[in-house]
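I opened the notebook to log a few look-ups. The entries follow in the order I made them.

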Amino acid sequence: MDNQILSHQQIQHKVRRIAYQIYEANVDEETIIIAGIDSGGLRLAQKLGSRLKKITGADITVCKVSMDKKNPLKSGVKTSIPVEDYKHRSVVLVDDVLNSGTTLIYGVNHFLQTPLKQLKTAVLVNRNHKKYPVKADYKGISLSTSLKEHVHVKFEAKNDRVYLD
């Protein structure tokens, strides 16, 4: 049974708002790297990248961040672009749901190995069950849920939605 939290239209509004917040924080940047954690984070990063291209003249690069979400320490973190492409740049690390903070903290750690101009984080849904001291600089919605509840983000053509079960 779907307990819908965000509809397609609501998600579009959240993406637009987050994109404008990213733009405002990077108004003087020539290049902005939008790094999406593989799967839902990458889909959200692509949506943010598309929206940013409409509102800024900056070069927007969307990059895929890959890791084994169950064991990120063992697998390491990989990006679809070389380090030189984001070195001394403004980077926004994106995930769909901030749950325990594990994937976001390992992603942040990866990018902190390189000198950056700025590193921010963005999530569509921020849950309040963090295991690590990581926060979302830009968030679509914050939810207080029980540990037994699961937030699902579905990105489908003209039918994006977030629901809880």
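I call a residue buried under 20% relative accessible area, exposed over 50% and partly exposed in between, with a 1.4 Å probe and protein chains only. The model is predicted: local features need pLDDT of at least 70, side-chain atom pairs count only at pLDDT 80 or more, and totals for chains, interfaces and linings use all residues. Residues are numbered from 1 along each chain as its sequence is written, and side-chain values use heavy atoms, with hydrogens and water left out.

Entry: aromatic rings. I searched the whole structure and found one aromatic pair. Rings of Phe, Tyr and Trp (its six-membered ring) pair if their centres lie within 6.5 Å; planes under 30 degrees apart are stacked, over 60 edge-to-face, the rest tilted. Tyr-86 and Phe-111 have ring centres 4.9 Å apart and planes at 65°, so I logged the pair as edge-to-face. Tyr-86 counts as buried because its relative accessibility is 1%. Phe-111 is buried too, at 0%.

Entry: the sheet. Strands (E, at least two residues) are DSSP runs, numbered from the N terminus. Two strands pair if DSSP finds at least two bridges between them. I read an open sheet of six strands, in the order E4-E3-E2-E5-E6-E7, with mixed pairing. E4 (78–79) and E7 (138–143) stand at the edges with a single partner strand each, so one side of each has no neighbour in the sheet. E2 and E3 (residues 59–66) pair in the parallel sense over seven bridges. I noted Val-65 in E3 as the bridge partner of Ile-37.

Entry: Thr-31. This residue lies in strand E2 (residues 31–37). Thr-31 counts as buried, because its relative accessibility is 12%.

Conventions: Helix = DSSP H or I, 4+ residues; strand = E, 2+ residues; numbered from the N terminus.
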